[in-house]
Amino acid sequence: MGLVDGARTLAAEFDYSVEDVNKGVEAFIRQMDEGLQETGKSMSQIPTYVTAVPNGTEKGVYLAVDLGGTNFRVCSIKLNGDTTFSLTQSKVAIPQELMVAKTSKELFSFLAKQIESFLKIHHNDHFEKHRQRRKNGEEITDEHFLQLGFTFSFPVHQISINKGHLIRWTKGFDIADAIGKDVCSLLQTEIDALHLPVKVAALVNDTVGTLMARSYTSPGKTGTLLGAIFGTGTNGAYVEKLEKVTKLKNMKEGGDFDASTGNMIINTEWGSFDNEMSVLPNTPYDTALDKDSNNPGIQMFEKRVSGMFLGEILRRVILSMIKDGKTELFKDESSGTNDVHSTCTIANDSPLYKQWGIDTSFLSIAHEDQSAGHHITRQALNRDLGVDAASSEDAQAIKILVEAIGKRSARLSAVAIGAVIISTGNLSVRAGNRLDDKIKAVSEEEVVDIGVDGSLVEYYPGFEEYIREALREIEGIGEQGEKRIRIGIAKDGSGVGAALIALVAGGRESGS
């Protein structure tokens, strides 16, 4: 079999048909419903206790902090009330010794001191007035405090809008006495010790923040339905009818929330959709990747969609072709069979031989390459993967594989988006368990707005169009429905989004 034909045969294993897409949507909706009814299901469907989204008219100054890894970010966001905002921020590295401190107080005291430093620089008038009120013994009310949204990117059991118990540390942190404690309370205690005019109003998931940031900045009159991340990882948060979140009644530690809106934002944690592999596509390369991962059998949807894994899938396909004597990838009998008049070689230390050796940026380069003889891809093979003198046919084969892997990722992404749209009834109607093609009459002002963030959806060539192609194929959406779906980039969910959740948590009225 010729090299290009061999690549096409392998690429066909990544085909995700119209039938597959619709089966995926039905299963996704079923698992969404299961997660709303009970805890411990494949799709966690975590209640966030955030019950409203902004509409762009909100005003005020809010703080946000983001502890997402080795850096700590402090932000001040001024909402202008016209869908625009101004942002000021500072960032500091977390000292290594504090990541493994003996007590949580050491870490959270450091974080509070960064907030204090930020206030002195960027909100000194507010800081000094508060200090004078305390010195003079004046009454201090909630209005004198800045509301803060705390993005804490570690596993927590959230029991109210501003309360969540740490389940475990990740990303190199290991402070044993913090496990099981409320992280908002830990931060507030250290803020209070410094007598700062700051209230930790909300514990924030960055995907929920993406939804909030998009809803504030989006054009049109309707709020955003879904915030979705398609980057290194993937997740979605959406607005659900409160009456459907039946597991809230059985949650012993469930906190108070404003039920007057009739809605609650749900953090789906959809990376774990179909961990049981009932409908997700599977190839030998997916199976091997999962087996060698640090969490086999978990996050099976994410392992087929997100940028962290696409390069590794490609690496395993390439290695199978190199080892397979039937296809001559990166092999030349002589320089006469190679259009660069040399013979292709692979460096002994090539990233091809290392797990996670291919970054998704390589896929973007190859996918987009329209140069003569795939010259750009060949340069990337040499520069990034240590493959010297690859032929144009080698590069063409790689491009075929890349396109198949990227397209499958986007079509799976459409399953998640389409399922949320159909399940919430924002565009289509469902009769019983059957998806119906009937489309509600929706005015231009009532488009379904989706906020997205992440390197795949922002930079991967054709990713949104692949998503839209699949959306048109979904029963209950179709061509008419797809036209009413507006997809827009939502930046900085952990900053602007966190500030907006602090606004909602503080009960501030629009335009006040």
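A cavity, as the word is used here, is a set of grid points where a 1.4 Å probe fits but cannot get out. The model described is a predicted one, and a search of the whole structure finds 1 cavity of 30 Å³ or more.

**The cavity**

The largest cavity has a volume of about 40 Å³. Its lining consists of T48, V50, Q158, L203, V204, N205, V208 and I501. By class, 5 of the lining residues are nonpolar and 3 are polar, with no charged residues.

An open sheet of 6 strands runs in the order 1-11-10-9-16-17, and its pairing is mixed. Strand 1 (46-47) and strand 17 (485-489) are the edge strands, each pairing on one side only. Strand 1 pairs with strand 11 (residues 263-267) in the antiparallel sense, over 2 bridges. In strand 11, N267 is the bridge partner of I46. Helix 7 (residues 206-217) packs on this sheet and touches strand 9, strand 10, strand 11, strand 16 and strand 17.

**The five-stranded sheet**

A second open sheet, of 5 strands, has the order 4-3-2-5-8, again with mixed pairing. Strand 4 (85-93) and strand 8 (198-204) each have a single partner strand, so one side of each is left without a neighbour in the sheet. Neighbouring strands here are turned by 20° against each other on average, direction ignored. Strand 3 (residues 71-80) and strand 4 pair in the antiparallel sense over 9 bridges, and R73 has K91 in strand 4 as its bridge partner. Helix 4 (residues 104-122) packs on the sheet, touching strand 2, strand 3, strand 4, strand 5 and strand 8. Helix 6 (residues 183-193) also packs on the sheet, where it touches strand 2, strand 5 and strand 8.

| Helix 7 (206-217) | Strand 9 (224-230) | about 130° |

**A helix pair**

Two packed helices are described by the angle between their axes and the distance between the axes. The axes of helix 1 (residues 3-11) and helix 13 (residues 392-423) come within 9 Å and cross at roughly 10°. Because angles under 35 degrees count as roughly parallel, helix 1 is roughly parallel to helix 13. Helix 1 contributes L3, V4, A7, R8, L10 and A11 to the contact, and these meet E393, D394, Q396, A397, I400, L401 and A404 in helix 13. By class, this contact has 9 nonpolar, 1 polar and 3 charged residues.

Definitions and conventions. Residues are numbered from 1 along each chain as its sequence is written. This is a predicted model: local features need pLDDT of at least 70, side-chain atom pairs count only at pLDDT 80 or more; totals for chains, interfaces and linings use all residues. Side-chain values use heavy atoms; hydrogens and water are left out. On a 1 Å grid over the protein atoms alone, a cavity is a set of points where a 1.4 Å probe fits but cannot get out, and a pocket is an open set with protein on both sides within 12 Å along at least five of seven lines; lining residues have an atom within 4 Å of a point. Grid points are joined across faces, edges and corners, and a volume is the space filled by probe spheres set on the points. Ala, Val, Leu, Ile, Met, Phe, Trp, Tyr, Cys and Pro count as nonpolar, Asp, Glu, Lys and Arg as charged, and the others, Gly among them, as polar. Axes are lines fitted to C-alpha atoms, for helices over the stretch in contact, and angles run from 0 to 180 degrees between N-to-C directions. Helices (H or I, at least four residues) and strands (E, at least two) are DSSP runs, numbered from the N terminus. Angles under 35 degrees count as roughly parallel, over 145 as roughly antiparallel, 65 to 115 as roughly perpendicular and the rest as oblique. Contact means heavy atoms within 4.5 Å. Two strands pair if DSSP finds at least two bridges between them.
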